[in-house]
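Subject: Structure handover

Hello,

Here is the structure I promised to pass on. Please open it first, then read my notes below.

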Amino acid sequence: MILVDTALRRREEEGRPIRVGIVGAGFQGAAIVRQIMTVTPGMTVAALANRNIGPAVAAFDALGIAPRRCDSRLAVEAAIAAGQPAVTEDAIGLAEADGIDVVVEVTGSIEHAAAVIVAAIRAGKHVVQMNAEVDGTVGPILKRKADAAGLVYSFSDGDQPGVQMNLFRFVAGIGVKPVLCGNIKGLHDPKRNPTTQRAFAEKWGQKPAMVASFADGTKISYEQAIVANGTGFSVARRGMIGPDFSGGNPTAPLVPLEETVAAFADALDGASAGLVDYVVGARPGPGVFVLGTHDDPRQQHFLNLYKLGTGPYYCFYTPYHLCHFEVPTSIARAALFDDAVLAPQGAPRVGVIAMAKKPLQPGEVIGELGGYEAYGVAENADVIERDRLLPLGLALGCTLVRPVAEDQPIGRDDVAVPPGRLIDRLYAEQQEHFADKLRAA
């Protein structure tokens with residue numbers, strides 16, 4: 001954003017950089033450190049936490065920077081005061097430490113991430129996260145807590161939900177009414193697992209389960225759920241429409257995005273509000289798109305003149321998402337302008353439910369996202385509550401107490417939940433706070 005770069009240069013000139021604490025030193029976390037420390041004026045990584053300190057140290061070592069190892073909040077604060085980047089295994093201590101303006105959460109975890117975000121909000125820190133899984137599970141209640149504290153709680157630029165929201169705001173800002181926010185994917189196969197995705201993951205230095213969560217539909221379900229919660233949109237049906245123009249072959253020639261619009265027309269014509277969805281096998285990918293309408297015939301004429309066609313649905317797209325490259329912009333928007341890239345509007349509109357990836361039997365434990373037992377699909381929040389479906393964000397670590405057939409939703413009564421989890425308490429608080437709105441829906 002043009003406004004952001006000017007403001008950051010001013011902070012650099014004044015010697016008042018935005019001090020960032022990052023939790024997670026994996027694939028994305030280390031890349032964010034590199035982006036901030038090498039090319040972002042007016043911002044610095046004051047501290048980096050990881051459950052294993054080695055990758056945190058390595059993230060700075062790769063840049064020729066010697067961090068200070070810290071074992072507590074007080075040690076982190078001392079390092080920041082001395083102007084030396086801190087690395088620690090104490091993520092909560094980092095989130096609570098004086099001297100940090102914005103906490104960035106990029107672990108991809110659920111329980112751990114929720115604890116970090118709650119701690120950061122209690123300590124008066126803005127929160128920017130790239131964690132659609134925790135946001136799609138308890139984002140509305142985390143946003144409420146941040147609002148009550150006068151803080152920004154935001155998803156990030158760079159990942160596809162944030163890019164969709166930027167495009168949504170642009171489209172609405174020029175007077176076109178957004179009616180569908182869409183994601184472009186190259187592969188969708190609910191039965192992918194860490195074994196099938198291991199070679200790809202190793203090639204790119206990623207975790208096999210994380211890569212499997214992209215392929216099995218879990219990730220896109222979370223991404224579109226949080227876009228729905230940020231726009232007030234819903235899904236047309238369980239799992240979304242998701243037209244696949246690849247025929248299941250991710251190497252097939254891509255179809256121009258404009259040719260996919262007709263696949264959504266019937267659902268849009270019957271929708272009372274906007275929709276979130278996705279398409280497989282379209283170009284430009286892996287980008288995002290927004291479909292919009294306009295009621296003014298004269299403006300319709302101009303949209304046609306400017307090569308957007310005759311309508312009724314006009315297709316706007318961004319042909320890329322640049323992940324860690326764009327995160328500093330999100331941090332600056334939160335710290336300098338109190339502007340969230342993407343955050344829930346209020347009550348949850350869409351969630352992600354757990355579906356059996358194989359026949360499940362009593363005694364089996366649901367493991368990780370992208371694992372062998374379950375995949376996620378998007379469902380409207382009122383249906384989740386009405387039918388007591390199990391949100392995937394609550395499913396991890398649960399033990400089956402009843403059999404569930406393959407490709408069937410897992411119910412809350414089908415599992416035993418581990419005791420004492422923060423994520424369950426937050427979810428219960430969220431459902432209680434928004435109960436009237438969920439019943440009304």
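Contact here means heavy atoms within 4.5 Å. Helices (H or I, at least four residues) and strands (E, at least two) are DSSP runs, numbered from the N terminus. This is a predicted model: local features need pLDDT of at least 70, side-chain atom pairs count only at pLDDT 80 or more, and totals for chains, interfaces and linings use all residues. Residues are numbered from 1 along each chain as its sequence is written, and side-chain values use heavy atoms, with hydrogens and water left out.

Start with helix 3 (residues 53–61). Its buried residues are I53, A56, V57, A59 and F60. Buried means under 20% relative accessible area, exposed over 50%, and partly exposed in between (1.4 Å probe, protein chains only). These residues cover an arc of only 155° around the axis, so they sit on the same side of helix 3. The arc is that of the directions from the helix axis to the C-beta atoms. Their cover includes helix 2 (27–39), strand 2 (43–49), strand 3 (68–70) and strand 4 (86–88).

Next, the cores. A nonpolar core is a set of buried Ala, Val, Leu, Ile, Met, Phe, Trp, Tyr and Cys residues joined through side-chain atoms within 4.5 Å. The largest has 89 residues. I100, V138, V276, I366, L392, I410 and L426 have the most contacts inside it. Helix 6 gives the most to this core, with 8 residues. A second, separate core of 28 residues includes L8, I18, A56 and A332.

I117 is in helix 6 (residues 111–122). It counts as buried because its relative accessibility is 1%. Beyond residues up to four places away in sequence, I117 touches E105, V127, Q129, V134, L142 and Y153.

Now the backbone. Two peptide bonds to look at are cis: R283 to P284, with omega near 10°, and G311 to P312, with omega near 5°. P284 is in the loop between strand 11 (282–283) and strand 12 (288–293). P312 is in the loop between helix 13 (297–305) and strand 13 (314–318).

M240 has phi near 70°. This residue is buried, with a relative accessible area of 4%. D407 has a phi of about 65°. At 32% relative accessibility, D407 counts as partly exposed. Its place is the loop between strand 16 (399–400) and strand 17 (415–416).

Best wishes
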